[in-house]
Amino acid sequence: MFSKDGKAKDVVTPRICDVVWHDGEFIKWNDARVHVMSHVLHYGSSIFEGIRCYATQRGPAIFRLREHMQRFLNSAKIYRMDHKWSLDDLCNASIDLVKRSGLEQCYIRPILFRSLDEEHPAFGVNPFPNPLACYIGAWDWGKYLGDEAIEKGVDVCVSTWNRLTSNSMPAMAKSGANYMNSQLIKMEALLNGFAEGIALDDRGYVSEGSGENIFLVSGDVVLTPPLSSSILPGITRDSVIQICHEMGMTIKERTLQRAALYVADELFFSGTAAEITPIRSVDRITVGSGERGPITEKIQTAFFKITKGERKAPGDWLTYVKEKQTARVGKDVSDESGVAPNSSEPVLNYQTAIRD
Ligand SMILES: Cc1ncc(COP(=O)(O)O)c(C=O)c1O
């Protein structure tokens, strides 16, 4: 009854960066370890980010680095994680990490979590006695929903699991604990032979995929659920919104009924990992013609050209790693003259996406 294949499938990881940034220093991948009694393992107390760095003619370029790191800071603030890192520190650390990795393209994973003070251990739910630890790792990562998905699209289902209620677990924070909900959605979808699941919010309106935002095309109008539908304020979602504006398309935030998915002309996911991935069926009902639709293709083409540095972005979206001098933090200072790359740049277009 269940497809066993789905269980074993994972995204291809050709290379992993052999150093990890930890609280201002670079340490070896093998030394990036935590105690099993760390608060985070028992109570899910982490916040994190997922950022892509693309290969361009000017070398590796990190996509919307400051916006991702601003969301990271927002997530930490929501969970009262009182750390010492500034936006510039985190951006510079990521730039340095990519430089050191030698990778032309990669996925960057910053994480901040409640650790364990081994000399004064604390084991209760109260997070405050536990020290915070911040790490950033990177690896080369393939297409999240499969190599063919970008062109051919994916078959998905509506999940029996609802997305989080905003007053229980805030979906706008990218916290590790939220991904237990995502795992329920993803496992159910995979075991039933689908590539991904779409969760409804607690009122029954369309929310998002387990790791992606969703867009619906009806005629020539592009629609996406608002933040009040318990979605993560996706950076890729914001990029799609801005690309649509720039191309003169009508784009609206609307609450969407489940049935709207079945009668849409086109559907697609957006996300750092999934990028722009068309959806060709929902609950085995074919979406539109069952192929990537023309509007999805137009947005996808613009998005990929921007990420490759081949088309001007609506904002300052690419950080060209090799062209940046960074003021390194912590022990590993080798470029004392460096200036934080973007410190005078305004923060953030992305903020427009957290207002409904
Ligand atoms: C639950 C969820 N929604 C949406 C997204 C898309 O967000 P972004 O475009 O910032 O990667 C992600 C991926 O991070 C996610 O995990």
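## Ligand shell, aromatic pairs and buried polar contacts

The backbone oxygen of V98 lies 2.8 Å from a polar atom in the side chain of S101. That is a polar contact (a pair of N or O atoms within 3.5 Å; within protein, one must be able to donate a hydrogen and the other to accept it, and residues adjacent in sequence count only if both atoms are side-chain atoms). S101 belongs to helix α4, residues 87–101. Helices (H or I, at least four residues) and strands (E, at least two) are DSSP runs, numbered from the N terminus. S101 is buried, at 10% relative accessibility. Buried means under 20% relative accessible area, exposed over 50%, and partly exposed in between (1.4 Å probe, protein chains only).

The model is predicted: local features need pLDDT of at least 70, side-chain atom pairs count only at pLDDT 80 or more, and totals for chains, interfaces and linings use all residues. Residues are numbered from 1 along each chain as its sequence is written, and side-chain values use heavy atoms, with hydrogens and water left out.

**The ligand**

The ligand is surrounded by 17 residues. A residue is near a molecule if one of its heavy atoms lies within 4 Å of it. The closest are K174, Y179, E208, T236 and T272.

| Residue | Ligand atom | Distance |
|---|---|---|
| K174 | oxygen | 2.6 Å |
| E208 | nitrogen | 2.7 Å |
| T272 | oxygen | 2.6 Å |

Taken alone, the ligand exposes 380 Å², and the protein buries 96% of that. These areas come from the Shrake-Rupley method with a 1.4 Å probe. Elements giving two or more residues to the shell are α3 (65–78), α7 (235–246) and β15 (266–271). By class, the shell has three nonpolar, nine polar and five charged residues. Here Asp, Glu, Lys and Arg count as charged; Ala, Val, Leu, Ile, Met, Phe, Trp, Tyr, Cys and Pro count as nonpolar; the others, Gly among them, count as polar.

**Aromatic pairs**

The structure holds 11 aromatic pairs. Rings of Phe, Tyr and Trp (its six-membered ring) pair if their centres lie within 6.5 Å; planes under 30 degrees apart are stacked, over 60 edge-to-face, and the rest tilted. Y54 and F63 are edge-to-face, because their planes stand at 90 degrees, with ring centres 6.2 Å apart. Both residues are buried. Y54 and F63 also belong to one aromatic cluster with F303, F304 and W317. Y54 has a polar partner too: its side chain meets that of E275 in a polar contact of 2.7 Å. E275 sits in strand β16, residues 275–282. It is buried, at 1% relative accessible area.

Y107 and W139 make a tilted pair, 5.4 Å centre to centre with 35 degrees between the planes. Y107 is in strand β7 (residues 106–114) and W139 in strand β8 (residues 132–140), so the pair ties together parts 32 residues apart in sequence. Y107 is buried at 5% relative accessibility. W139 is buried at 16%.

**Charges over rings**

R58 lies over the face of Y320, 3.7 Å from the ring centre. The charged end of R100 sits over the ring of F26, 4.3 Å from its centre. The test is NZ of Lys or CZ of Arg within 6 Å of the ring centre and within 35 degrees of the ring normal.

**Positive phi**

Most residues other than glycine have a negative phi. R64 has a positive phi of about 50 degrees. R64 lies in the loop between β6 (59–63) and α3, and is buried at 0% relative accessibility. D283 has a positive phi of about 55 degrees. D283 is in the loop between β16 and β17 (285–286), and is partly exposed at 23%.
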